[in-house]
Amino acid sequence: MSLEKNDVSEVYSTGGFTIKPLDENLLRQLEENIKILFGKQDVDNEKFLKLLHLCNEARISELFDLFNSCGNVLGGHLSVQNTYIKDVFSKPVIWGYPNVRIDKISRSEYVAPPHLDEWILFNENKGIVAWFPLFSDGFLKIYDYQGELNVIKDDYWGLKAKNIGDFKYNEQVVKRGNVLFFRSDVLHESSLKINADKVRVSIQYRYIDSSDYKNSFKRPVTQKISDLIKTKQDELIMKNIS
């Protein structure tokens, strides 16, 4: 199931993964805007990753929210969609919000465990995931599995595969400037193949075909208001004024 395929259409039809070039303008804009948000737009990529590594956990958490609010990140899925996905899905939409990951060896509790993206979709028809690194090359563990997965609860992801020792995996390298496509039923997990003095930044876009929904379409992943905003709303209700 985790064999490399020729194109995204074959990935959707038979599973597995494929690696394709990412639009150079999109890559440049994403990296430039993230550096601007970090306040270090004039440093090179290696220096940026080292500076990011020096941030404490509170700052990393803040930057995670900041980067995931970047307009170029949110809108970048259209470039990938128009280049690759539109030839596979007749009415493509994103399932789940565009997501920036900041992986660091010391942040092991936030490492995505062995999982299927299918577990946040649960749709009869499969989705396609686009994953690519920024600022440097990246790695993703892709398992070659068939049969049943034993699952247990995971505090970060919700579920994780328990019997991964039964399957072989490939620590797939994705060069900066390339994008990895895989189907939503491919077993994978974050790789901690990261230099000790750096972090890895990556982006995920997830696509489904809205034409597969014959009755009504419901988003499988929705926005959640933060606890702080809920508290402020409750305070207004108590005061009965705005």
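Biologist: What makes Arg 28 and Glu 32 a salt bridge?

Modeller: Their closest N and O atoms are 3.6 Å apart. A salt bridge is a side-chain nitrogen of Lys or Arg within 4 Å of a carboxyl oxygen of Asp or Glu, so this pair qualifies. Both residues lie in helix H2, four residues apart, about one turn of the helix. Helices here are DSSP runs of H or I with at least four residues, strands are runs of E with at least two, and both are numbered from the N terminus.

Biologist: What do these values rest on?

Modeller: The model is predicted: local features need pLDDT of at least 70, side-chain atom pairs count only at pLDDT 80 or more, and totals for chains, interfaces and linings use all residues. Residues are numbered from 1 along each chain as its sequence is written, and side-chain values use heavy atoms, with hydrogens and water left out.

Biologist: Why is Arg 28 called partly exposed?

Modeller: Its relative accessible area is 38%. Buried means under 20%, exposed over 50%, and partly exposed in between (1.4 Å probe, protein chains only), so Arg 28 is partly exposed. Glu 32, at 40%, is also partly exposed.

Biologist: How do you know whether the bridge between Arg 101 and Asp 103 is made by buried or exposed residues?

Modeller: The closest N and O atoms of Arg 101 and Asp 103 are 2.6 Å apart. Arg 101 has a relative accessible area of 7%, so it is buried. Asp 103, at 4%, is buried too.

Biologist: What makes Glu 118 and Lys 126 a salt bridge?

Modeller: Their closest N and O atoms are 3.8 Å apart, so the pair passes the cut-off. Glu 118 is buried at 9%. Lys 126 is partly exposed at 25%. The structure holds 14 salt bridges, and Glu 46, Lys 50 and Lys 198 are linked in a network of them.

Biologist: How do you know that the buried residues of helix H3 line one face?

Modeller: H3 covers residues 45-53, and its buried residues are Asn 45, Phe 48, Leu 49 and Leu 52. Seen down the axis of H3, they fall within an arc of 95°, so they line one face of the helix. That arc is taken over the directions from the helix axis to the C-beta atoms.

Biologist: Which elements cover the buried residues of H3?

Modeller: Among them are helices H2 (24-38) and H4 (57-67), and strands S3 (99-103) and S11 (200-209). Contact means heavy atoms within 4.5 Å.

Biologist: Why is the pair Tyr 12 and Phe 89 called edge-to-face?

Modeller: The ring centres are 4.9 Å apart, with 85° between the planes. Rings of Phe, Tyr and Trp (its six-membered ring) pair if their centres lie within 6.5 Å; planes under 30 degrees apart count as stacked, over 60 as edge-to-face and the rest as tilted, so this pair is edge-to-face. Tyr 12 sits in helix H1 and Phe 89 in the loop between helix H6 and strand S2, 77 residues apart. Phe 89 is buried, at 1%.

Biologist: How do you know that Cys 55 is in no disulfide?

Modeller: The nearest cysteine sulfur, that of Cys 70, is 17 Å away. A disulfide needs two cysteine sulfur atoms within 2.5 Å, so Cys 70 is too far for a bond. The count of disulfides is zero. Cys 55 is buried at 13%, and Cys 70 is buried at 6%.
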